[in-house]
Amino acid sequence: MNDGVQSARWVTRLSLFLLLAPAVLWLSALILIPHLDLAVLSLRERIGPRQYSVSVAQYKTFFAEPLYWHIFVRTAIMSIVATGLTLLLAFPVAWIIAKVLSGRASSLLFVICLIPFWISETVRTLGWMILLRESGVLPHVLVLLGLTQQPIEMLYHDATILVGLVYTSLLFMVVPLVGSFESLDNSLIEAASDLGASSRAILTKIIIPHAAPGMTAGCIVVFMLTLGNYLTPTLLGGKNSQWFTEQIYTQFITRFNWEQGAALGFLLLALSTLLVWAGLKLSGQRFSDVMRRA
Amino acid sequence: MIPSLPNTWWSGALTRVYLLCFLTFLFLPLLTVALFAFNDAPYPAPPWHGFTLDWFFGSADHRRTGLFSDSELLGSLGTSVVVALWVTSLSVLIGLCNAFLMERFEFRAKGLLAVLMLVPLVIPGVILGISILAFASRLAEFFNDYMGIEFEFLRPGLPLVVLGQFSYIAAIATLTISARLRRFDRTLEEAALNLGASRLATLQTIILPYLKPALVGSAAVSFLMSFENFNTTLMLVGANSPLTIMMYGRMREGATPVLNAVSLFLMLASAVLALTLMRKGDRRNESN
């Protein structure tokens with residue numbers, strides 16, 4: 001009997017170990033150690049051929065070089081604006097899906113909203129380029145309508161980058177919003193309305209507080225994706241995009257200055273973590289709940 | 001606001017106008033891409049020059065290289081499929097292991113591990129890419145300098161692309177499969193064990209069939225995310241480019257409508273995949 005208990009315990013131990021091994025291998029070899037290595041890389045300076053010393057020179061360069069932090073701040077602000085616009089655009093659609101429509105119509109609209117995101121970002125960006133460039137569809141249509149004399153260049157503006165970013169992020173906002181609207185009991189709204197609340201009061205006192213977790217989840221995911229995006233800003237913004245990921249790419253791949261690139265990478269990671277943390281604090285949410293919701 | 005409340009006449013109209021604008025915004029780029037795959041002109045731009053299938057079937061000696069004779073583009077499509085298959089199998093396998101680990105076992109530092117498993121999802125893809133690139137290259141240097149061995153797979157190339165994509169797609173597979181396993185009714189398993197089924201038989205006949213929707217779902221999502229991945233891949237890619245990287249390169253140079261043709265092909269493939277999955281989901285809901 002005792003032997004049986006002991007061997008059963010051994011089996012449990014062994015299976016725990018066998019299941020733990022791949023998880024630990026995955027997280028340490030591909031996430032933890034490479035990032036620690038990147039940290040070490042960012043904290044050194046080349047002082048001679050194959051000779052390095054510990055220093056914060058890479059971070060100093062970032063703060064001393066206005067170009068870097070200008071692009072850094074710009075990327076952060078553009079990402080925040082894009083997140084806000086995505087929320088504004090996704091809010092009504094999610095509401096219509098969750099509350100106005102019902103049954104088949106509602107699920108159909110939901111599926112229709114998801115379709116574009118089954119298709120690669122590259123394809124979607126190609127679409128915007130064909131639509132917006134000087135020889136593209138919209139400038140052509142504007143000339144045909146007599147609104148402009150010459151075809152105008154609609155690519156390479158900040159607004160274009162924002163359009164592309166919002167377009168790419170919509171899904172990640174619509175899905176959590178629909179989820180949190182669906183869990184809102186209609187009778188709360190009916191009661192408020194019967195008691196004479198205005199639409200605005202219902203929105204700010206009932207709907208938004210109830211949907212806050214979903215809104216936070218959506219905003220956090222959209223913000224992270226936007227900040228780390230590379231494809232959309234570089235293609236729609238061209239030389240004017242000035243996106244921070246582009247700087248990291250340049251340092252790493254084009255200039256082969258890995259120390260500087262690693263430092264810039266860490267600054268981006270810090271910015272992303274900081275703003276996600278601030279978002280969680282402001283809305284009083286927990287990280288794991290938000291990730292599960294998203 | 002909601003149908004059960006008295007609505008003003010304009011709120012319905014406003015909803016319609018809004019939806020129309022929204023759907024236009026959503027589908028205009030995709031329709032444009034599809035349409036210009038058939039334009040009889042060397043660039044995907046207006047005006048319309050007439051209908052042609054050259055961008056699919058044209059061959060080099062016919063002055064236009066169509067999709068099916070563009071070996072570079074077809075090659076990168078193949079590369080993407082191979083990479084995605086690797087990433088999918090690895091991710092679903094480790095997702096399944098992690099689901100059992102997190103739902104069935106208690107151990108020290110479990111909470112820490114649970115948080116660590118979410119971390120890959122919050123790291124920007126570019127940074128995942130550079131950290132793996134730097135680490136692998138430094139390892140390769142190390143082996144080369146001190147042992148005189150050259151590990152080719154540690155240099156930028158497809159093995160690193162697979163690892164880079166896997167590093168965060170595994171987290172998504174883990175979340176999906178764990179969520180399903182959590183809802184599993186343990187009494188079913190206990191009944192099987194009481195009735196004399198072995199652990200392996202219980203796993204094969206009861207637990208895995210129950211998990212199948214999550215396994216299929218996470219496989220589809222993993223495949224798609226790998227196929228579409230750009231940020232991480234860009235940093236780790238070597239000589240063989242997957243499709244997204246190849247398309248990006250050509251888009252910067254101003255490409256011919258052959259890119260529209262391959263895009264249309266991707267749209268159709270995605271639509272078929274999405275419809276198959278939804279059909280399956282529907283049938284399951286009806287049978288329950």
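Leaving aside residues up to four places away in sequence, which residues does A:Val174 touch? Here, A:Val174 touches A:Ala90, A:Val93, A:Ala94 and A:Cys113. Let's take that as a way into the model.

## What you're looking at

This is a predicted model, with scores of ipTM 0.88 and pTM 0.89. Chain A has a mean pLDDT of 89, and 95% of its residues reach 70 or more. For chain B the average pLDDT is 88, with 96% of the residues scoring at least 70.

Among the elements of chain A, helix α13 (residues 287-293) has the lowest mean pLDDT, 63, while α3(A) has the highest, 94.

## The nonpolar core

Back to A:Val174, then. The largest nonpolar core has 141 residues, and A:Val174 is among those that touch the most other members, along with A:Ala90, A:Ala94, A:Leu177, B:Ile130 and B:Ile132. Helix α7 (residues 158-182) of chain A gives the most to this core, with 14 residues.

## Where the chains meet

How many residues of chain A are in contact with chain B? There are 64 of them, and they meet 65 residues of chain B. On chain A's side, the largest share comes from helix α1 (residues 2-42) of chain A, which supplies 15 residues. Sorted by class, that side of chain A has 43 nonpolar, 16 polar and five charged residues.

From α5(A), the residues taking part are A:Val123, A:Arg124, A:Leu126, A:Gly127, A:Trp128, A:Ile130 and A:Leu131. They meet B:Leu28, B:Pro29, B:Leu30, B:Thr32 and B:Val33 in α1(B). By class, this contact has nine nonpolar, two polar and one charged residues.

B:Leu5 also reaches across to the other chain. You'll find B:Leu5 in the segment before α1 of chain B, and leaving aside its neighbours within four places in sequence, B:Leu5 is in contact with A:Glu190 and A:Ser193. B:Leu5 counts as partly exposed because 15 other C-beta atoms lie within 10 Å. The C-alpha atoms of B:Leu5 and B:Asp54 are separated by 56 Å, and these two residues are 49 apart along the chain.

## Buried spots in helices

Helix α11 (residues 244-254) of chain A is worth a look. Its buried residues are A:Phe244, A:Thr245, A:Gln247, A:Ile248, A:Tyr249, A:Gln251 and A:Phe252. What covers them comes from both chains, including α3 (66-100) and α12 (258-283) of chain A, together with α5 (125-147) and α9 (231-236) of chain B.

Over in chain B, is B:Thr174 buried or exposed? B:Thr174 is buried, because 27 other C-beta atoms lie within 10 Å. B:Thr174 is in helix α6 (residues 158-182) of chain B. Not counting residues up to four places away in sequence, B:Thr174 touches B:Gly95, B:Asn98, B:Ala99 and B:Met117. The C-alpha atoms of B:Thr174 and B:Leu158, 16 residues apart along the chain, are separated by 23 Å.

A:Tyr156 isn't a glycine, yet it has a positive phi of about 65°. A:Tyr156 is found in the loop between α6 (137-144) and α7 of chain A, and counts as partly exposed because it has 17 C-beta neighbours inside 10 Å. A:Gln242, also not a glycine, has a positive phi of about 45°. A:Gln242 is in the loop between α10 (231-237) and α11 of chain A, and with 19 C-beta neighbours inside 10 Å, A:Gln242 counts as partly exposed. Just after α11(A), A:Phe256 takes a positive phi of about 60°.

Chain B has a cis peptide bond to find. The bond runs from B:Pro46 to B:Pro47, with omega near 0°. B:Pro47 is in the loop between α1 and α2 (54-57) of chain B.

Notes. Residues are numbered from 1 along each chain as its sequence is written. Chains are lettered from A and ligands numbered from 1 in the order in which they are written. This is a predicted model: local features need pLDDT of at least 70, side-chain atom pairs count only at pLDDT 80 or more; totals for chains, interfaces and linings use all residues. Two residues are in contact if their C-beta atoms, placed from the backbone, lie within 7 Å. Helices (H or I, at least four residues) and strands (E, at least two) are DSSP runs, numbered from the N terminus. Ala, Val, Leu, Ile, Met, Phe, Trp, Tyr, Cys and Pro count as nonpolar, Asp, Glu, Lys and Arg as charged, and the others, Gly among them, as polar. A nonpolar core is a set of buried Ala, Val, Leu, Ile, Met, Phe, Trp, Tyr and Cys residues joined through C-beta atoms within 7 Å. A residue is buried if 20 or more other C-beta atoms lie within 10 Å of its own, exposed if 12 or fewer, and partly exposed in between; C-beta atoms are placed from the backbone. pLDDT is the predictor's confidence in each residue, from 0 to 100.
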